[in-house]
Amino acid sequence: MNNLYLNRRAYQRRRNDRRRRQLRRRRNIALLLLIALTALLIFGIIKCSRGTQYPKGAICIDPGHGGDYTGAVYEGRQEKDDTLRISLEIQKILEKRGQKVLMTRDSDSNIGLKERTDLANQYESIVFVSIHRNSGAGKGVEIWVEHTAPEPDTQLAKAILANLNDVGIQADRGVKFGYRENNSDADYSVNRESEMPSCLVELGFMENELDNQMFDEHLKEYAEAIADGIIDTFHLEE
Ligand SMILES: [Zn+2]
């Protein structure tokens with residue numbers, strides 16, 4: 001064996017080592033790029049799905065209660081189901097008419113009062129409408145606005161109530177200010193904490209058979225009445 005041959009073998013070994021190192025480096029770079037791309041893709045998907053779920057500058061519709069919080073209950077009928085049912089209908093109508101809608105919930109989920117207004121505030125909703133059904137003895141519809149009777153909140157409540165009257169309700173209990181029987185400066189949390197015009201709609205009493213019957217029969221018309229009231233009050237383009 002001569003030296004020349006040995007040298008050539010050593011040279012080839014070094015060259016092979018170098019190639020292997022190069023390949024390994026390229027593979028590592030490709031792997032890193034792949035990880036980065038995957039991360040970007042996942043981040044993008046999350047951002048996108050969030051974006052469609054919580055649009056900015058939208059109409060916020062807040063179906064009262066949900067999950068463990070049933071709201072009023074009467075003979076197996078739960079307020080949280082009624083509020084969700086009609087809220088989804090309102091959402092459908094508003095979206096069909098070209099409006100952006102932010103739902104504080106669109107399923108039977110737990111969501112706190114503060115979370116609801118935080119969401120609307122964070123995504124700069126233009127109006128906040130909370131949907132409820134009343135408890136206790138009584139009949140008919142009432143709408144609550146902050147005790148200071150701000151505008152256009154009061155105008156919105158009046159517009160919605162007038163539209164509901166046109167559809168047909170058992171009794172018009174009027175636009176009310178503050179909290180429960182107008183006897184304090186307190187406000188419903190959703191009205192107090194929302195940084196945009198707001199109102200809380202009480203669509204009939206859970207314990208009143210005729211209110212329930214009218215709610216079921218006029219569900220779509222009631223939803224239309226509420227959607228109309230919002231669009232008209234804020235002169236929203238369709
Ligand atoms: Zn309620």
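Predicted model: local features only at pLDDT ≥ 70, side-chain atom pairs only at ≥ 80, totals over all residues.

Reader: What is the phi of Ala149 near?

Author: The general idea first: most residues other than glycine have a negative phi, and most peptide bonds are trans. Now the case here: Ala149 has a phi near 50°, a positive value in a residue other than glycine. Glu124 also shows a positive phi near 50°, and it isn't a glycine either. Glu124 sits in the loop between α3 (113-122) and β5 (127-134). With a relative accessible area of 48%, Glu124 is partly exposed.

Reader: And which residues does a cis peptide bond join?

Author: Look at Glu151 and Pro152: the bond joining them is cis, with omega at about 5°. Pro152 is in the loop between β6 (141-145) and α4 (153-167).

Reader: Moving to helices, what span should the 18 residues of helix α2 have, and how far apart are its end C-alpha atoms?

Author: You can check a helix with a simple rule, 1.5 Å a residue. Just after α2, Gly98 takes a positive phi of about 80°.

Reader: Which residues of α2 are buried?

Author: Quite a list: Glu79, Lys80, Asp82, Thr83, Leu84, Ile86, Ser87, Glu89, Ile90, Gln91, Ile93 and Leu94.

Reader: OK, salt bridges. How many does the structure hold?

Author: To spot one, look for a side-chain nitrogen of Lys or Arg within 4 Å of a carboxyl oxygen of Asp or Glu. The structure holds 17 of them. One is between Asp62 and Arg116, whose closest N and O atoms are 2.8 Å apart. This pair links distant parts of the chain: Asp62 is in strand β1 (residues 59-63) and Arg116 in helix α3, 54 residues apart.

Reader: Are Asp62 and Arg116 buried or exposed?

Author: Asp62 has 1% relative accessibility, so it counts as buried. Arg116, at 3%, counts as buried too.

Reader: You said Asp82 would come back. Which side chain does Asp82 meet in a salt bridge?

Author: The side chain of Arg133, at 2.8 Å from N to O. Again the partners come from distant parts of the chain, with Asp82 in helix α2 and Arg133 in strand β5, 51 residues apart. Asp82 is buried at 3% relative accessible area, and Arg133 is buried at 2%. Both belong to a network of salt bridges that links Arg77, Asp82, Arg85, Arg133 and Asp216.

Reader: What about Glu238 and Arg97: how many residues apart are they?

Author: Their side chains meet in a salt bridge of 2.9 Å, N to O. The pair is 141 residues apart, with Glu238 in the segment after α7 (219-233) and Arg97 in the loop between α2 and β4 (101-103). Glu238 counts as exposed because its relative accessibility is 59%. Arg97 is buried, with a relative accessible area of 19%.

Reader: Now the outside. Which residues gather in a patch of positive charge on the surface?

Author: They are Arg9, Arg13, Arg14, Arg18, Arg19, Arg21, Arg24, Arg25, Arg26 and Arg27. Take Arg19: it lies in helix α1 (residues 3-53), and a relative accessible area of 49% makes it partly exposed.

Reader: And which residues form a nonpolar patch?

Author: Leu31, Leu32, Leu34 and Ile35 do, with about 430 Å² of accessible area together. Leu34 is in helix α1 and counts as exposed, since its relative accessibility is 53%.

Technical notes:
Residues numbered from 1 in each chain as written. Heavy atoms only, no water. Helix = DSSP H or I, 4+ residues; strand = E, 2+ residues; numbered from the N terminus. Expected span 1.5 Å × (residues − 1). Buried < 20%, exposed > 50% of the residue type's maximum accessible area, 1.4 Å probe, protein only. Patch = residues over 30% accessible without salt bridge, like charges linked within 9 Å, V, L, I, M, F, W, Y side chains within 5 Å. Areas by Shrake-Rupley, 256 points an atom, 1.4 Å probe, with all protein chains shown as cover. Lys, Arg positive; Asp, Glu negative; His and termini not counted. Charge placed at Lys NZ, Arg CZ, Asp CG, Glu CD.
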